[in-house]
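Look over the sequence and the model, then read on.

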Amino acid sequence: MENKVVFITGGAKGMGEATAILAGERGAKVVVADVDLKTAQEVADRIKAKGGEAIAVKCDVSKAEDVKAAIDTAVATYGRLDTAFNNAGIQLRDTDTANITEEDFDRVLNINLKGVWLCMKYELLQMRKQGSGAIVNNSSIGGLIGGHGRSAYIATKHGVLGLTKSTAMEYAPKGIRINAVCPGTIETPMVENMIKVGDLPVEATKEWAPIKRFGKASEVAEVVLWLFSPASSYVIGQPISVDGGISIS
């Protein structure tokens, strides 16, 4: 990752934060993008305190003007865009499909799926000029299987995988690799909130995974950085499960 420019959405917390910190530790120039600029700046400051290079940018991934401005800032600051982790996403409360409001459905769709597409659009415009790049999209175990009470979220995460596979086919001949990670239940603020409101039974969820525990954000970050690296140079369009074995159980 030495001197590679890394753009990370949802970089202020959870898996995005862990990936930003790890990339900074390994010599990358990190752009921490998040709708919460204050917390994103705190992450960038932590990277710089350890001797790394980082900037924070405000970015609502559901808005094209925000995404374009964030990518433009990254390129203006560091001169190029080598890698991107399209990680920003939200989860709705556990809700019967017929009871989901149109407003909530649109919100999760706009952030989780449209947001990934918008990020890829502007990332690819830059990477296409360079003739190189690597993108990792954050899907979910919910992109591979179904789940009770989470149909809107799961629909968006299946969509991320379709977008990843199709775009990977288009851009592999142009020197750009695109893949996805499919995390299981990871210790993040989102999961903490699901536990708090009663939407995630802790012991039953741990028992569901063959490894019998939740994952750590750093474990997802390691896979993302591997997908960025030349070590995964023949990996194209793949949904890589980081789920403690849930998808095989």
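## Cavity and helix packing

The count comes to one cavity of 30 Å³ or more. A cavity is a set of points on a 1 Å grid over the protein atoms alone where a 1.4 Å probe fits but cannot get out. This is a predicted model: local features need pLDDT of at least 70, side-chain atom pairs count only at pLDDT 80 or more, and totals for chains, interfaces and linings use all residues. Residues are numbered from 1 along each chain as its sequence is written, and side-chain values use heavy atoms, without hydrogens and water.

The largest cavity holds about 40 Å³ of space. Its lining (residues with an atom within 4 Å of a point) includes Gln91, Arg93, Ile100, Arg150 and Tyr153. By class, that lining has four nonpolar, four polar and two charged residues.

Two helix pairs follow. Axes are lines fitted to C-alpha atoms over the stretch in contact, with angles from 0 to 180 degrees between N-to-C directions.

| Helix pair | Angle | Axis distance |
|---|---|---|
| α1 (residues 14-25) and α8 (residues 217-228) | about 60° | 8 Å |
| α4 (residues 102-130) and α5 (residues 151-171) | about 15° | 9 Å |

The angle makes α4 roughly parallel to α5; roughly parallel covers angles under 35 degrees. In their contact (heavy atoms within 4.5 Å), the α4 residues include Phe105, Leu109 and Trp117, and the α5 residues include Tyr153, Val160 and Leu163. This contact of α4 with α5 divides into 13 nonpolar, four polar and two charged residues.

Terms used. Helices (H or I, at least four residues) and strands (E, at least two) are DSSP runs, numbered from the N terminus. On a 1 Å grid over the protein atoms alone, a cavity is a set of points where a 1.4 Å probe fits but cannot get out, and a pocket is an open set with protein on both sides within 12 Å along at least five of seven lines; lining residues have an atom within 4 Å of a point. Grid points are joined across faces, edges and corners, and a volume is the space filled by probe spheres set on the points. Ala, Val, Leu, Ile, Met, Phe, Trp, Tyr, Cys and Pro count as nonpolar, Asp, Glu, Lys and Arg as charged, and the others, Gly among them, as polar. Angles under 35 degrees count as roughly parallel, over 145 as roughly antiparallel, 65 to 115 as roughly perpendicular and the rest as oblique.
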